[in-house]
Protein chains: 2
Amino acid sequence: MAKKILLCELNVSEGRDEAKIKRITEALTASPNITIMDIDSDADHNRSVYTWIGEPEDVLAGAMNITKQAVEEIDMAGHHGSHPRQGAVDVVPFVPVRNVEKDEALNIARRYGKFLGGLGVPVYYYEDAATKPSRQNLVDIRKGQYEALPEKMRDEEWRPDEGPFAFIPKSGVTVTGVRFPLVAYNVNLRTDDLEIAKAIAKRMRFSTGGLRFCRAIGLALEDRGLVQVSMNLTNFEKTPIPVVYDLVKSLADSYGVGIADAELVGPLPLAALEEVIRHSLRVRHFDMNQIIETHLLG
Amino acid sequence: MAKKILLCELNVSEGRDEAKIKRITEALTASPNITIMDIDSDADHNRSVYTWIGEPEDVLAGAMNITKQAVEEIDMAGHHGSHPRQGAVDVVPFVPVRNVEKDEALNIARRYGKFLGGLGVPVYYYEDAATKPSRQNLVDIRKGQYEALPEKMRDEEWRPDEGPFAFIPKSGVTVTGVRFPLVAYNVNLRTDDLEIAKAIAKRMRFSTGGLRFCRAIGLALEDRGLVQVSMNLTNFEKTPIPVVYDLVKSLADSYGVGIADAELVGPLPLAALEEVIRHSLRVRHFDMNQIIETHLLG
C-alpha cells in the first residue's frame with residue numbers, strides 16, 4: 001500500500017505571548033506520527049503558522065489537538081496584528097501531497113470543521129470544500145476581517161457551514177478546506193522596465209486570457225534593478241512549471257529581454273518535478289518511482 | 001541528524017535453481033531495516049541481481065547475510081550463462097545515494113571485502129575502491145571470466161586485495177567497491193542516419209574530447225526509424241543531465257536534426273534532479289529540502 005501524505009497549514013492568531021505559543025505548539029508536537037515541517041511565529045503579524053505532514057488520520061488528529069488548545073488560549077477581543085485575520089484559529093487548509101485523492105482530503109476537512117463546530121466555533125469551508133461559489137476565495141470570506149463579524153453573523157448569506165450562527169467574540173470564525181498544492185514561481189527579467197513585467201504578467205494570468213491555473217503580477221525588484229513576473233500556479237499538473245517558464249521566456253524574447261534567473265518559493269511536492277523531467281529533458285515516459293528515495297516513502 | 005541512504009547492488013551467479021534462489025533471497029529479506037528495491041533473476045544469464053537501500057550499517061549487514069548464503073549454495077565449477085561472470089557472488093557495488101560521503105561508503109566496501117576474504121573468497125576492489133589503476137574497471141578485472149582464473153591466480157599482478165591468493169573453484173572471485181550513482185540518459189534523434197548519432201556521441205563522450213563524466217555511443221533504433229545517442233553519466237553533479245541535453249540538442253541542430261524524445265533508464269537519486277531545476281527552470285538557489293517528501297526521509 002502506497003503511503004499517503006496530507007499536509008496541513010494551520011494559522012493561529014497569536015504571535016507575541018511566548019507562554020501561550022509554547023502551550024499551543026506543545027499540543028501539536030505531542031501528536032503522534034506527524035512530521036512538523038515548519039513553525040513560524042511573527043510578532044508583527046501577531047500570528048503563528050504551523051505546517052505538518054503525515055497520513056491523513058494522523059494529520060487530522062494533530063489539527064484537532066492544536067485547535068483545542070488554541071481555542072482555549074486565544075481571545076480575539078482586542079487582537080491586533082498586521083496580517084488579516086478573522087479567528088483564533090484563522091485559516092486551516094488541508095493539502096493533498098502524495099497518494100491522497102481530493103475526496104479523502106475533503107472528508108478530513110469536513111470532519112475537522114465539524115470538530116470545530118462542536119467546540120462552538122463558526123466555520124466556513126473554502127476552496128475545494130466551499131459550499132457555494134462566494135466562499136471559494138479566502139479573500140471574499142475574510143472581507144472586513146474579525147471586526148466585520150458582528151454584522152455579518154446577522155446576514156443569512158453568512159450562515160456558517162458548521163457551528164453556531166452567532167458572533168463568538170472569543171474565537172471569531174475559522175476558515176478550513178482543501179486546496180491543491182500551490183507553486184510560487186517568480187521569473188526575473190533582465191530589465192528595469194516595470195511595464196514589460198506587467199505586460200507579460202497580463203498575458204500569463206488566467207483572468208486576462210493566460211494559462212488556466214496561473215495567477216501573475218509584475219513587480220519591480222529595485223535592489224537588483226530588475227523586474228519580476230511573480231506567479232502562483234494553482235495546479236502544477238495542468239499548468240506545469242516548465243511550460244510556464246517557456247511561455248514567459250517566449251514573451252520576454254518578444255520584448256528583446258532576457259531572463260536573469262527565477263525562484264521557486266516555499267515547499268512543493270515531488271510530483272511537481274515530474275513534468276520538469278518530461279518537458280525539459282524530453283523524457284516522455286518517466287516514472288517517479290525511478291527516484292530511489294521514493295522507495296522509502298512506502 | 002539527516003538519514004543516510006546507501007544502495008547495494010549484489011550480483012550472484014545463480015538464475016535457474018529456484019530452491020537455491022529462494023534460500024539466497026530469504027537471507028536478504030530476513031535482514032532488518034533495509035528496503036529491497038528490486039530482485040531480478042534471469043535464467044538465460046544464470047544470474048540474479050539484488051538491489052536494496054538503507055542506512056550504511058544495515059546495508060552492509062544485509063550484504064553479509066546474503067553473501068554467506070550464496071557462497072554456500074553456489075558452485076561455480078560448471079556454471080554457464082550468457083552474462084560475463086567470475087564468482088558465485090560476482091560483483092557488489094555500493095552506491096552513495098543520500099548524505100553518504102565517499103569515505104564512509106569505502107569503509108563499508110572494505111569491511112564487506114574483508115568479510116568475504118574471511119569466508120575464503122578472493123576479492124578485488126574496483127572503481128573508487130580500487131587499489132591500483134588496472135583494477136578500476138570491472139571489464140579489465142573480468143577479462144577471460146571465471147575460466148581464466150586458474151592462470152591469473154598464479155600471476156603476482158592479480159594478487160587479491162582480500163582473501164587467499166589461490167584459485168578457489170567453488171567461489172571464484174568477487175569484485176566489490178564504491179561507485180557514484182550512474183545516470184543512463186538516451187536522446188533519440190529525428191533521423192535514421194546512424195552516422196549523425198555516432199558523430200554526436202563522439203563529441204559528447206569524454207574519451208574523444210567531450211564532457212568529463214559522459215560515456216556515449218550512437219545506436220540505430222530500427223523499429224522507430226530513429227537513431228539514439230546512448231549515454232552513461234558517471235557523475236551527475238559535475239556533468240549534469242540538463243547540460244548534456246542542451247549540448248546534444250545544439251549538436252543535433254548543427255546537423256539540422258530535431259530531438260524526438262529521450263529516456264532516463266533505471267533508478268536515480270533525487271539529487272540528480274537538483275541541477276534540472278536550477279538549469280531548466282533557471283532557479284539558481286533551489287534547496288532540495290523544499291521538496292515536501294524530503295522531510296519524511298529524516
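1. A:Y185 touches residues of both chains: A:V229, A:S230, A:M231, A:I241, A:V244, A:Y245, A:A262, A:E263, A:L264, B:L281 and B:V283, with residues up to four places away in sequence left out. Contact here means heavy atoms within 4.5 Å. The model is predicted, so local features need pLDDT of at least 70 and side-chain atom pairs count only at pLDDT 80 or more, while totals for chains, interfaces and linings use all residues. Residues are numbered from 1 along each chain as its sequence is written, chains are lettered from A and ligands numbered from 1 in the order in which they are written, and side-chain values use heavy atoms, without hydrogens and water.

2. A:Y185 is also among the residues with the most contacts inside the largest nonpolar core, together with A:L189, A:M231, B:Y185, B:L189 and B:M231. That core has 74 residues. A nonpolar core is a set of buried Ala, Val, Leu, Ile, Met, Phe, Trp, Tyr and Cys residues joined through side-chain atoms within 4.5 Å. Buried stands for under 20% relative accessible area, exposed for over 50% and partly exposed for values in between (1.4 Å probe, protein chains only).

3. At the interface, 39 residues of chain B are in contact with 39 residues of chain A. The two chains bury about 3,700 Å² between them, 71% of it on carbon and sulfur atoms; this is the accessible area (1.4 Å probe) lost on putting the two parts together, summed over both. B:L281, B:I292 and B:E293 supply 20% of the area that chain B buries against chain A, more than any other three residues.

4. Helices (H or I, at least four residues) and strands (E, at least two) are DSSP runs, numbered from the N terminus.

5. Over all chains there are eight aromatic pairs. Rings of Phe, Tyr and Trp (its six-membered ring) pair if their centres lie within 6.5 Å; planes under 30 degrees apart count as stacked, over 60 as edge-to-face and the rest as tilted. A:Y124 and A:W158 are edge-to-face, at 5.5 Å centre to centre and 80 degrees between the planes. A:Y124 is in strand β5 (residues 123-127) of chain A and A:W158 in the loop between α5 (149-152) and β6 (174-178), 34 residues apart. Both A:Y124 and A:W158 are buried.

6. B:Y146 and B:F167 form a tilted pair, 5.7 Å centre to centre with 55 degrees between the planes. B:Y146 counts as buried because its relative accessibility is 8%, whereas B:F167, at 28%, is partly exposed.

7. Two asparagines of chain B have positive phi: about 50 degrees for B:N46 and near 60 degrees for B:N99. Most residues other than glycine have a negative phi. B:N46 sits in the loop between β2 and β3 (47-54) of chain B and is buried, with a relative accessible area of 6%. B:N99 lies in the loop between β4 (89-98) and α3 (102-118) of chain B and is partly exposed, at 40%.
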